[in-house]
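Thanks for coming, everyone. I'll take you through one model today, piece by piece. Please have a look at it first.

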Amino acid sequence: MTAVVRRRALNLRRHGWSIGVWLLLAVLIGWYVLLIPRFGSFQIASIIKNSLPLVYLAIGQAVIVITGGIDLGAGAMLVLANSASATLMQDQPFLVTILIGFGIILGAAALNGFVGWIINVSRVPDIVVTLATSFIYSGLALMILPGPGGGTSAGFRILFTGSDDGTGTSFGFSLGMLLVPVVIAAFFMRRSRTGLSLYATGSDLNAAYLSGVDIRRAKVIGYAFGGAMAGLAGLATVAITGSGDPRFSIGANATLNSVAAIVLGGVALTGGIGSVVGAVAAAIIVFFLSPILSAMGIDPNTAQVVQGSLIVVVMMIAGLLALRRRRAK
Amino acid sequence: MTDALLETKAVAKSYGSVVALRSVDLTVQPGEIHALLGANGAGKSTLVKILSGVIAPDSGTISVNGRSVTMRRPPEALKAGLATVYQDPALVPDLTIAQNLTLTAIDEDAVRSRLTAMGLGRLDFDAQIRDLPLEVLRLLDLARALAHDPQLLLLDEITAALPSDQAEHVFGIMQEWKEKGRSVLFITHRLAEVLSLCDQATILRDGRTVAQVEPRQSGERGLVTPMLGEVAAELEAATSRVISQEAPINLATADLYSGGKVNGISFELRAGEILGIAALEGQGQDRLFELLSGDRRPDRGEVIVNGSPLRARSPYDAIRRGVVLVPSDRVLALLPKRSVRENLAIPLYNRVQRWLGLVGDEDTRTNKAIERLSIDTRAHRQVRRLSGGNQQKVVIGRWLANGFRTLLCFDPTRGIDIHTKRQIYDLLKEVADTGASVLVYTSELPEIPLLCDRVLVIYNGRIVHEQDAANATEEVLLSAAHGLEESA
Amino acid sequence: MTVADLPGVRRQAASMRLLADHPLWILGGVLVVLIAITGAIRPSYLSFSGLRNTVLLAAPLGIMAAAQTLLMLTGGIDLSVAMVATGAAYVAGNRSPSGALIAIASGLLVGLIAGATNGIGVGIFQVNPLIMTLAMAAILLGLFTSWAQTIFTGSTTVAPLIKTLGGGSFFGNRVPYNALIWVGVALVVMWLLKRTGLGRITYAIGDNPIAARLSGVRVWQVHLVLYTLAGLLAALAGILIAGRTGAVDLQLASTFLLPSVAAAVIGGTSIFGGVGSYSGTILGALILSVLNSMLTFLNVGQAIQQVVYGLIVLLLAWLYAKVTTER
């Protein structure tokens with residue numbers, strides 16, 4: 001009996017941050033419902049589908065950071081996948097767009113896995129290599145699609161947004177597309193041996209190596225998974241906007257948001273700590289702040305200030321908590 | 001003739017210009033408990049790394065059951081039938097026990113039944129490794145190694161932090177393995193364990209196999225002499241020093257308490273005195289040094305420096321009052337990528353007033369420290385390329401260059417060759433002769449009479465024994481350190 | 001006789017060691033080769049006015065990269081430099097009607113405040129530098145976008161003096177003024193790193209923060225000072241950029257962020273701290289600027305420019321890691 005209580009206490013401490021982030025999200029949603037005059041399926045659909053790209057990107061970033069890396073090229077990969085898919089999918093029937101979608105996810109995984117391999121071989125720090133790939137990916141995106149344009153099939157848009165023009169009130173498809181990757185990623189990271197080997201690599205390289213983990217393989221898998229998620233984020237973007245946009249600043253912003261989201265979600269930048277589920281909640285929060293603040297009548301610029309300040313304040317509190325815990329030990 | 005279970009021939013390994021193993025021959029027969037002995041730096045840990053597949057030897061052969069094997073990764077050693085339990089358990093800190101077992105593809109039930117036999121049946125498998133004490137982790141690591149059902153079990157210093165009842169469990173498992181006709185390679189510093197448990201002992205010195213003996217025949221002397229070689233003679237008795245009772249008290253503590261680890265420690269340390277502290281691992285000595293060096297504030301009680309209390313917010317405040325620390329781990333104290341001079345000079349700049357510009361006599365100060373310690377600075381632009389002994393000299397030299405009144409040394413000779421050890425003893429004595437105080441914790445009890453004037457034994461956060469160091473025998477100190485006050 | 005005893009082999013090994021001991025020589029070589037290639041593509045580049053354009057670009061980048069170098073040496077990073085530079089330039093533009101000196105001082109004040117805030121977050125509250133400065137960039141962008149419509153609605157062009165400093169030249173239009181300022185900044189930064197206690201401690205906390213603390217260094221003080229200094233340097237760079245373009249907008253310095261990190265990395269400053277020098281960063285900034293000119297002359301378009309830029313940053317970092325780890 002006491003063992004069960006003890007275990008619950010331990011779990012609460014370990015997942016406390018994650019639970020806190022989900023509670024914060026729930027509070028924000030409740031607040032939003034009170035703020036706006038009409039809250040219906042249109043709003044729900046809009047929030048879910050528009051948060052998809054950042055959620056995917058945050059899942060990928062979380063996996064890479066948990067493995068002990070960081071991907072500053074994630075946003076650029078989103079842009080590359082978005083540009084490539086918008087170019088290839090234009091005027092294609094639904095089935096072909098689906099095949100192209102899978103192809104792009106696989107291609108993104110292979111490309112980013114190759115980046116992981118380069119980090120292994122070159123011993124150049126992750127942050128430097130992915131800084132360079134952020135340039136390369138955005139350059140490739142511009143080569144494929146020199147300016148905003150392209151398109152996709154109606155069916156492909158319905159798949160992510162529930163409607164063929166990206167507006168609509170049905171949110172079943174969006175919710176599915178939110179939940180399926182989250183569940184797969186969470187299950188992969190926590191239950192599979194490969195996922196655990198990623199945690200092990202980020203947590204303690206030496207112990208992981210002695211436990212028989214192939215740490216180079218873990219890095220490649222982590223980056224490949226992150227690449228696949230960034231590719232998916234690019235597909236979601238083409239489905240939501242109905243077109244591609246190769247601008248560098250979109251990728252840079254997306255990368256910054258993904259890093260902010262995972263840190264807010266309790267993933268430690270030192271690796272090995274945190275969960276995909278926490279990162280997902282934080283990603284929705286990071287996205288969700290702007291509609292809330294605009295519902296409060298705050299202009300988007302002030303909203304950005306509030307968002308940045310919130311991240312700083314939360315991290316300061318986390319820093320103080322960590323300091324106190326160390327002192328008390 | 002039956003094949004040996006494990007046989008290594010002329011195994012050698014160098015790291016750059018540093019030779020770790022010159023030529024190691026080791027033969028372990030089936031059904032024996034085999035001890036691997038050697039002083040610090042003799043090459044035991046390198047050999048363990050080679051036998052567990054962490055690193056590959058430069059030359060030499062390893063064969064298991066008569067067949068030559070190459071092991072380039074840890075799983076290959078396991079496949080060859082060798083399972084290692086490391087001094088620092090190979091468990092991933094941020095995962096739970098269950099997840100660690102999944103990671104290594106080991107059946108939870110097998111581990112559970114092993115743990116039950118060791119008295120740890122109630123261990124929660126959902127607990128995170130980070131939250132568990134070291135002794136539990138060692139036993140867990142052992143249970144995991146046993147689940148591989150290895151031909152040869154390598155135990156690296158497994159008993160170092162274990163309470164005696166749990167050590168008994170380990171001994172039981174070693175016996176069991178022997179009776180199964182399998183073998184154990186046992187690495188320990190405790191000669192008593194070797195004498196009572198082991199059938200054979202291989203002794204390394206300076207990266208070479210120097211002897212293989214049967215401990216029960218040879219006795220303790222037969223083990224120690226080859227371990228130390230001719231330098232054993234160099235360890236002469238201490239020259240006794242006289243401490244004046246009128247000398248000022250440089251450092252004292254009054255009833256210190258901290259987090260259940262230090263439970264009411266009071267002592268006085270006079271100018272010119274070298275005070276030794278002896279304790280088993282984990283008796284609160286780490287915490288005591290943190291309190292004294294200003295790294296942490298006590299819950300209750302006071303640290304008194306030169307007669308007035310030290311209320312330190314960071315080590316800076318203690319350093320300003322002349323209390324300086326040489327920490328346990330050189331990795332903590334060194335700037336590995338910087339030069340010897342920069343390492344020596346760093347405390348000179350801990351004051352904001354000195355940030356613009358360099359201290360005028362920096363060169364004189366660092367040169368003096370380098371000379372006094374005879375630090376080898378040739379062609380070494382980064383201190384990480386120095387030998388362990390030279391690194392330790394840099395850490396001590398830093399305070400010689402900066403100046404101090406009380407030197408706190410936490411295990412200053414760990415992993416250092418005997419020649420440098422002597423130099424460090426002489427240096428600490430010189431320092432004390434000039435009127436400074438020295439407080440030394442050492443994990444090697446024979447050092448106490450060689451180095452110290454007086455010794456305190458700490459057990460469970462309290463001082464349980466105090467005496468003149470010159471007459472402190474290892475037996476007396478050990479029994480006190482185990483909490484058995486036998487003189488009473 | 002083994003292979004290593006052969007005279008040719010030995011000479012080669014010795015030259016490798018020489019390069020490993022002086023990795024900056026490689027960077028110097030790369031710079032010369034790049035200049036030569038650019039000259040081959042467009043011969044007029046190898047003239048005072050051709051090189052002058054490269055220096056005009058390199059000076060603000062080099063100053064911004066100085067901020068990055070100081071922080072990377074401590075194991076930190078500043079992702080807000082570009083936004084701080086933009087903000088400083090924007091304020092300087094707005095205050096230009098009150099005179100150039102007041103404009104410059106107000107711009108630098110922006111850097112001081114933003115840098116000190118970063119320093120407080122990183123040093124005292126132990127926020128990860130990546131997150132702290134990332135958030136700072138977002139906050140500044142929001143603030144200035146909204147202020148651009150409320151408080152700073154005035155001038156968006158900068159005072160003549162700032163234009164001269166950022167874009168003008170002397171010696172018969174050969175040497176840009178901003179290069180002169182860069183030289184001044186470089187001398188100060190190199191003096192700080194090599195000849196002061198602050199420099200010693202900067203390397204120390206990047207190499208081993210625990211050792212620094214145990215030596216009595218109060219790490220938060222160092223962070224506070226260095227992040228503030230970085231803010232000031234970024235602001236100075238921003239004002240110079242505004243001087244070159246003549247007008248300010250909120251995208252002014254955004255393209256400088258990644259090159260500022262890349263210049264320090266190419267120059268051999270470790271992103272983990274403790275190793276590096278500003279002289280390396282100077283070479284890095286020059287290399288990136290020449291590369292920029294070369295790609296412009298090649299007229300290959302934005303897309304290929306970015307890909308080549310990324311590949312070269314990666315290759316140089318790889319080369320540097322290879323040369324310096326093999327000794």
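Let's start with helix H1 of chain B, residues 44-51. Seven of its eight residues are buried, so H1(B) is mostly covered. Buried means that 20 or more other C-beta atoms lie within 10 Å of the residue's own; exposed means 12 or fewer, partly exposed is in between, and the C-beta atoms are placed from the backbone. Helices here are DSSP runs of H or I with at least four residues, strands are runs of E with at least two, and both are numbered from the N terminus. The buried residues of H1(B) are B:Lys44, B:Thr46, B:Leu47, B:Val48, B:Lys49, B:Ile50 and B:Leu51. Just after H1(B) comes B:Gly53, with a positive phi of about 80 degrees.

Some ground rules. This is a predicted model: local features need pLDDT of at least 70, side-chain atom pairs count only at pLDDT 80 or more, and totals for chains, interfaces and linings use all residues. Residues are numbered from 1 along each chain as its sequence is written, while chains are lettered from A and ligands numbered from 1 in the order in which they are written.

Staying with chain B. It is divided into domain 1 (6-230) and domain 2 (249-481), with bounds from an automatic or database domain assignment. The centres of the two domains, taken over C-alpha atoms, are separated by 32 Å.

Two loop residues next. B:Ala105 has a phi near 55 degrees, a positive value in a residue other than glycine. It sits in the loop between helix H3 (97-103) and helix H4 (108-117) of chain B. Is B:Ala105 buried or exposed? Exposed, because 11 other C-beta atoms lie within 10 Å. B:Glu157 also has a phi near 55 degrees, positive and not a glycine. Its loop runs between strand S7 (152-156) and helix H6 (164-179) of chain B. B:Glu157 counts as buried, because it has 20 C-beta neighbours inside 10 Å.

Then a glycine. B:Gly284 is in the loop between strand S13 (274-278) and helix H9 (285-292) of chain B. B:Gly284 is buried, with 22 other C-beta atoms within 10 Å. It touches B:Lys261, B:Val262, B:Ile458 and B:Gly461, leaving out residues up to four places away in sequence. Touching, or contact, means that the C-beta atoms of two residues, placed from the backbone, lie within 7 Å.

Over to chain A. Helix H3 of chain A covers residues 74-89. At 1.5 Å a residue, its 16 residues should span 22 Å, and its end C-alpha atoms are 22 Å apart, which agrees. That expected span is 1.5 Å times one less than the number of residues. Of those 16 residues, 15 are buried, so H3(A) is largely enclosed by the rest of the structure. Just after H3(A), A:Asp91 takes a positive phi of about 60 degrees.

What does A:Gly244 touch? Its contacts include A:Asn82, A:Ser83, A:Ser85, A:Ala86 and A:Thr87. A:Gly244 lies in the loop between helix H10 (215-241) and H11 of chain A. It is buried, with 29 other C-beta atoms within 10 Å. Its C-alpha atom is 8.0 Å from that of A:Val79, 165 residues apart along the chain.

Now the interfaces. Chain A puts 37 residues in contact with 38 residues of chain C. On the chain A side, helix H5 (126-144), helix H11 (248-264) and helix H13 (300-328) each supply at least two residues. H13(A) gives the most, with 14 residues. By type, that side has 24 nonpolar, eleven polar and two charged residues. Nonpolar is Ala, Val, Leu, Ile, Met, Phe, Trp, Tyr, Cys and Pro; charged is Asp, Glu, Lys and Arg; the others, Gly among them, are polar.

Chain C also meets chain B: 22 residues of chain C are in contact with 26 of chain B. H9(C) gives the most to the chain C side, with seven residues. That side divides into ten nonpolar, seven polar and five charged residues.

Last, inside chain C. Helix H8 (residues 177-195) and helix H9 (residues 197-207) pack at about 75 degrees, with axes 5 Å apart. That makes H8(C) roughly perpendicular to H9(C). Axes are lines fitted to C-alpha atoms, for helices over the stretch in contact, and angles run from 0 to 180 degrees between N-to-C directions. Under 35 degrees counts as roughly parallel, over 145 as roughly antiparallel, 65 to 115 as roughly perpendicular, and the rest as oblique. At the contact, C:Leu192, C:Leu193, C:Lys194 and C:Arg195 in H8(C) meet C:Leu198, C:Gly199 and C:Thr202 in H9(C).
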